[in-house]
Amino acid sequence: MRVGVDVGGTNTDAVLMAGRRVVSKEKTATTPDVTTGVVRALEGVLAGGEGQPLQKGIQAVMLGTTHFMNALLEGRGLARTAVLRLCGPSTRLLPPFCDWPDELRAALGGHLRLLPGGHEFDGREISSFDDDAVRDALRDALANGVETVALSGVFSPVNPAHESRAAELIRQEWPDIPVTLSSEIGRIGLLERENAAALNAALSRIAARTVEAIRGALADMGLAVPVFFSQNDGTLMDAEYAARYPVLAMSSGPTNSMRGAAFLAGIENAVVVDVGGTSTDVGILVQGFPRAASTAVKLAEVRTNFRMPDLISIALGGGSIVRRDPLAIGPSSVGARITDEAIVFGGATLTATDLAVAAGRALIGEPARARALDPDLVERGLAEVRRRVEEAVDRVKLSAEPLPLVLVGGGSLLLGDRLAGASEVVRPEHAEVANAIGAAIAQVGGEVEKVYSLERVGRLEALAAAKQEAVARATEAGAQPGRVEVVEVEEVPLTYLPGNATRIRVKAVGELGQD
Amino acid sequence: MWQIDEDALVSISIGAGILGTGGGGNPYIGMLRARELVREHGPVDVLDLDELPDDSRVICVGGMGAPTVGVEKVRGTESYRAVRAIEKHTGERATALISGEIGGSNSLEPLIPAALARLPVVDGDGMGRAFPELQMTTFFIYGIPPTPSAVCDEKGNTAIIEDAVSPTWVERMARAVTIVMGCAPVFAFAPMSAADVRRTAIPGTLSLAKSLGEAVRRAQREKGDPVEAILTTVPGRVLFQGKIVDVERRTTEGFARGRVTIDGMGDDAGAQLVVDFQNENLVAHRDGALIVTVPDLICIVDAERGEPITTELLRYGFRVSVLGFPAPPLLKTPEALAVVGPEAFGYEAAYVPLEPRATP
């Protein structure tokens, strides 16, 4: 059996699963230290199971958390981080941190150094690597109170040699200093990839502490099992990897929610609509994984370029306030105060939930209070809700072809069972813990994105090399060796570059290894 | 005369994106680079064509190479060296700089050497929009020799092209050097007199980009209609409003070609618009009838935010407004149409000028 845990900003949910079956589930409040809430949720699912201590049957615990994202947003527990860029004479006009908000830059210390090294688009060196320059930069950084290091090299996704050499050198001489390599987390786009590496380095202390605390707590509960963390793309990484690459877990909450919902509905290709109290998230799953956004993503006002799920959020939910003339629903919402302020709860604010109750779609509060509402208003209001959700659904799809639609969230009662663009509307059971289920069912993945000069290596050779590396990364992240499958191959010819340059991206996933 | 400060840079980068008609590259990195130098050296002066002193020497500056390389091996101050290299070669100091292409990232390149050398930039450019090839600038269409020109990389290498039999040959030679240099050099070319610039440059395009950007930013801030704000800033019309239902792409001969199909909404419900692109948007057909062609500008913007959507980001489901703007007069002469008209891009249609909407 597996346990999935989701640590959200408000709630910590856990679910115990035997194969595809939900054995028990638990919802508790998230605690500031994270660990206490996780332990309570785990105790809940283990006790709520089948009348006996279940510790023995558990094979693994999977966690999804927005904790690192919150740490970043609140500027809490960030390590002083130096960025060392391997660039030689190139890129010097725009040094690391050049487009950061002042506060966050100050929180990291803003220490940086531009060093010899870096590569061209085809893998040639811009300038040669210099050991002494790296050592000197490190000594200077440490003298300035720096605790962690991010390395970025020009075209390191094409040729990571200089970043790797610098990391090796630092680990040899200063083994206690965490080092993040930009080539291991981001794509082409120097500033965005470097930013992601710097954020990761800054989070590495808090990530290491959190991961250690959770493992300790699990051991205390008698759960001596492997612990995994969910990544933004819906795959897992093992605890050591998570401690080193916390940015990869940053956006795992919405991803797990989408994947969990589709799993419960038994559908691999679907639109998932999660209607909350204030907003609705709409995303799309392709072969069970969320489609990634193609543009730069801002985290705490810093531009980054690692892969995040492509979601559309609209300001519409169960608590959205309804105005009559002209008719408008949201963006303001009564939020958690719905149980005091909505009409069906005896309040005076007309909310979207009141409309749904008046239309007989749900029995909440005192339905009689909603009966006095003008039927025309109710009908037009719900039509407006439907129109806006349908529009968002249409925007996330890549074609007009109807897809199954999985509907989850407390506000899903606002919608009926027919929506344009949906071949069917599915409302799965256990949807309130979809995110914990998403964590529990996750597989392990590895991804590679590089530019190859096909004149030099040949297309098949390049594809094979990329696939091999993706598989190796999945195995390194905890997948069973020899049972990893390549699930995505994308080739983009860069025709304006010589040498038949092509960008190849490969993603591989596999079942967790059991050791 | 006016000045470009940090705030103006942000507006210009948005306006230049709109004038990029789907291409021209992302001005974000260019905005950051110019901002670093403006912070260090102060705002850059902008001169109208009329304000250029008669004895001016004006040099044109732009980036060469692949946009995907430019976002990784971010350019620095190479264009300053490229300007100095031309000065050294001709023995004449530059007194002002100008952009070859206002659409997209090249709009901001002249600001780099301008800030460093404390030179003014000219309020104008050689395209009034973006086009895919160097010979499509009005400077070359109206007979300015492209040489001497200089290509500089970040390592300190400089190549001078002393002579070329045509602008196309300059492009070919510069491209060969560009590849050796690692695909992100800068290019300075076509030293011109004040009279040359007044005769061949498209006037007022930096001011136009700035006004467009300001209008969009104001509308976003005040929750107004950004599309309306754009159209009150520059004469033009809404060609179509609708939803993207198909995007077809192919990459041939180094260009991103394709077409986007949009189903009408609101007043355009029931109709369909198809826009063909080659890096930039070229022609638009409404229900099979040709309604706009190059050199007139076809811009696809997000219907709600008014922000331009470049061809590589077009995607099924986007709600868009398609705007059309008449090309500047210098692009509509017979000489210009031979280079940038519909036939130059392989369409058999004759150019029919777009009329802006009637002013209320």
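Where in chain B is Pro148(B) found? Keep that in mind as you open the viewer; the tour comes back to it in a moment. The model on your screen is a predicted one.

**Stop 1: a bond in chain B**

Select Thr147(B) and Pro148(B). Pro148(B) sits in the loop between α6 and β6 (149-152) of chain B. Look at the peptide bond that runs from Thr147(B) to Pro148(B): it is cis, and its omega is near -5 degrees. Most peptide bonds are trans, and most residues other than glycine have a negative phi. You will meet exceptions of both kinds on this tour.

**Stop 2: the two domains of chain B**

Now colour chain B by domain. The domain assignment gives domain 1 as 2-203 and domain 2 as 235-345. Taken over C-alpha atoms, the centres of these two domains of chain B are 26 Å apart. Where they meet, 16 residues of domain 1 of chain B are in contact with 22 residues of domain 2 of chain B. To see the domain 1 side, select α1 (6-19) and α6 (138-141) of chain B, the elements that give two or more residues to it. What kinds of residue make up that side of domain 1 of chain B? They divide into seven nonpolar, eight polar and one charged.

Next, click on Lys223(B), in the loop between α9 (205-221) and α10 (226-233) of chain B. Although Lys223(B) is not a glycine, it has a positive phi of about 55 degrees. Is Lys223(B) buried or exposed? Lys223(B) counts as exposed because it has 7 C-beta neighbours inside 10 Å, and the cut-off for exposed is 12 or fewer.

**Stop 3: where the chains meet**

Show both chains together. Here 30 residues of chain A are in contact with 24 residues of chain B. On the chain A side, pick out α6 (190-220) and α12 (375-396), the elements that give two or more residues. The largest share, three residues, comes from α12(A). This side of chain A has 18 nonpolar, six polar and six charged residues.

**Stop 4: chain A as a whole**

Chain A holds 15 helices and 23 strands. Along the principal axes, its C-alpha atoms fill a box of roughly 80 × 55 × 45 Å. The radius of gyration of chain A is 25 Å, which agrees with the value near 24 Å that a compact globule of 515 residues would have. Of the 515 residues of chain A, 54% count as buried. Among contacts in chain A between residues at least 6 apart in sequence, 67% join residues at least 24 apart.

**Stop 5: a parallel sheet**

Select β5, β6, β7 and β8 of chain A. In which order do the four strands of this open sheet lie? The order is β6-β5-β7-β8, with parallel pairing. At the edges stand β6 (111-115) and β8 (179-181) of chain A; each has a single partner strand, so one side of each is left without a neighbour in the sheet. From one strand to the next, the twist averages 20 degrees.

Zoom in on β5 (81-86) of chain A, which pairs with β6(A) over five bridges. One residue pair to find is Arg85(A) and its bridge partner in β6(A), Leu114(A).

**Stop 6: a hairpin**

Select residues 11-18 and 21-29 of chain A, which are strands β2 and β3, paired in the antiparallel sense over eight bridges. Val15(A) stands opposite Lys25(A) in β3(A). The two strands form a hairpin with two residues between them, and in the turn Gly19(A) has a positive phi of about 60 degrees.

**Stop 7**

Click on Phe97(A), in the loop between β5 and α3 (102-108) of chain A. Phe97(A) is not a glycine, yet its phi is positive, about 70 degrees. Phe97(A) is buried, with 23 other C-beta atoms within 10 Å.

Finish with Pro331(A), found in strand β18 (328-333) of chain A. A cis peptide bond joins Gly330(A) to Pro331(A), with omega about 0 degrees.

Terms used:
Residues are numbered from 1 along each chain as its sequence is written. Chains are lettered from A and ligands numbered from 1 in the order in which they are written. This is a predicted model: local features need pLDDT of at least 70, side-chain atom pairs count only at pLDDT 80 or more; totals for chains, interfaces and linings use all residues. Domain bounds come from an automatic or database domain assignment. Two residues are in contact if their C-beta atoms, placed from the backbone, lie within 7 Å. Ala, Val, Leu, Ile, Met, Phe, Trp, Tyr, Cys and Pro count as nonpolar, Asp, Glu, Lys and Arg as charged, and the others, Gly among them, as polar. The radius of gyration is taken over C-alpha atoms; the globule rule is 2.2 Å times the number of residues to the power 0.38. A residue is buried if 20 or more other C-beta atoms lie within 10 Å of its own, exposed if 12 or fewer, and partly exposed in between; C-beta atoms are placed from the backbone. Two strands pair if DSSP finds at least two bridges between them. Axes are lines fitted to C-alpha atoms, for helices over the stretch in contact, and angles run from 0 to 180 degrees between N-to-C directions.
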